Amino acid sequence: MTEALDALLDLLDLEQIERDYFRGRSRSALVPRVFGGQVAAQALVAAGRTVPGDRPPHSLHAYFLRAGDAGAPIVYMVDRIRDGRSFTTRRVVAVQHGNPIFHLSASFQTYEEGLDHQTDMPPAPDPESLPTAAEMLPRHLPADVAERLIEARAAVDLRYADAPPWGTVGTPREPRSQVWFRTNGKLADDPLLHIALATYVSDMTLLDSVLLAHGRGGWAVGDVVGASLDHAMWFHRPFRADEWLLYDQESPSASAGRGLGQARIYTQDGRLAVTVIQEGVVRVPR
């Protein structure tokens with residue numbers, strides 16, 4: 001396990017301060033606020049700590065309300081909405097400085113047999129054939145920016161199938177992006193942990209497809225400003241975040257200063273594991 005992954009797992013290991021109250025810390029991000037994927041993953045862990053271990057999450061719906069302060073702890077307050085025979089529902093509010101910064105609703109389910117079908121996994125290159133972040137980012141970004149981005153994502157091996165938005169600035173492309181990802185190290189056999197780490201990564205690149213449609217490079221080059229607004233995920237089949245996962249992303253719409261991204265996450269052997277939808281603010285600086 002790498003030092004960076006160990007630090008990320010430490011962030012997800014929340015401190016329980018009351019029966020349904022948990023406290024988390026933050027790490028610095030590329031922008032002067034808490035990374036949204038971190039808050040979403042921590043909130044899901046807080047909810048999961050109040051649910052029996054044989055009920056993994058099957059969906060989450062979240063709103064980012066305020067920018068988080070990376071220098072202050074975040075308190076996660078869990079509301080036990082419902083405990084049914086098959087399904088459990090939790091609501092989590094993340095609070096800093098007396099104000100809510102994030103709201104999550106999550107549903108958990110015991111395993112059961114049922115109807116089964118899925119869309120086929122799209123064609124994608126072998127992840128091992130693609131350049132690593134350390135190899136690819138310095139080709140497209142100033143050295144200091146590339147170094148900060150590599151450091152921010154050091155816990156995850158994330159590889160772009162095609163050039164990232166900042167690699168083709170000024171040239172609009174099809175609003176579609178593929179990345180392969182896995183953690184930089186093996187993880188324990190804890191389904192909640194694997195789902196939380198996929199939640200963490202899901203906020204890294206989903207709005208890239210919005211940028212591609214307009215030839216924008218994004219936050220790394222400063223030709224747009226933005227932030228996540230809401231985020232939804234559905235977990236269909238078991239997966240491991242320490243094995244290769246294909247994040248197949250596209251943007252069906254951008255308007256009114258907002259962009260929509262939608263995606264599917266597949267295991268390397270082609271099983272549809274997760275569906276993700278996110279809307280974010282995407283504005284061109286004046």
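In which loop is Asp190 found? In this predicted model, Asp190 occupies the loop that connects strand S8 (176-183) to helix H5 (191-205). Its relative accessible area is 36%, and Asp190 is therefore partly exposed, the class that lies between the limits of 20% and 50%. Between Asp190 and Pro131 there are 59 residues in sequence, and their C-alpha atoms are 29 Å apart in space.

The overall architecture was considered next. Six helices and twelve strands make up the secondary structure of the chain. The radius of gyration is 18 Å, which agrees with the value near 19 Å that a compact globule of 286 residues would have. Along the principal axes, the C-alpha trace extends over about 50 × 45 × 40 Å. Of the 286 residues, 49% are buried. The accessible surface of the chain amounts to about 13500 Å², and carbon and sulfur atoms account for 50% of this area. When contacts between residues at least 6 apart in sequence are considered, 72% of them join residues at least 24 apart. The chain carries 29 positive and 36 negative charges, and the mean positions of these two sets are separated by 6 Å.

Among the helices, H2 comprises 13 residues (36-48). From the first C-alpha to the last, H2 reaches 18 Å, close to the 18 Å expected at 1.5 Å a residue.

Several loops were then examined individually. Pro127 is located in the loop between S6 and helix H3 (133-140). With a relative accessibility of 1%, Pro127 counts as buried, because the limit for this class is under 20%. Apart from neighbours within four places in sequence, the residues in contact with Pro127 are Arg159, Trp180, Trp244 and Gln268. Leu245 is 118 residues from Pro127 in sequence, whereas the C-alpha atoms of this pair are 9.1 Å apart in space.

Arg66 belongs to the loop between strand S3 (57-64) and strand S4 (74-83). This residue is partly exposed, as its relative accessible area is 45%. Once neighbours within four places in sequence are set aside, Arg66 is in contact with Asn99, Pro100 and Ile101. For Arg66 and Asn99, a sequence separation of 33 residues corresponds to a C-alpha to C-alpha distance of 8.5 Å.

His97 is situated in the loop between strand S5 (87-96) and strand S6 (99-109), and its relative accessible area of 60% makes it exposed.

Note on methods. Residues are numbered from 1 along each chain as its sequence is written. This is a predicted model: local features need pLDDT of at least 70, side-chain atom pairs count only at pLDDT 80 or more; totals for chains, interfaces and linings use all residues. Side-chain values use heavy atoms; hydrogens and water are left out. Helices (H or I, at least four residues) and strands (E, at least two) are DSSP runs, numbered from the N terminus. The radius of gyration is taken over C-alpha atoms; the globule rule is 2.2 Å times the number of residues to the power 0.38. Buried means under 20% relative accessible area, exposed over 50%, partly exposed in between (1.4 Å probe, protein chains only). Contact means heavy atoms within 4.5 Å. Accessible areas come from the Shrake-Rupley method with a 1.4 Å probe; for residues, only the protein chains shown count as cover. Lys and Arg count as positive and Asp and Glu as negative; His and the chain ends are not counted. The place of a charge is taken as NZ of Lys, CZ of Arg, CG of Asp or CD of Glu. The expected span of a helix is 1.5 Å times one less than its number of residues.
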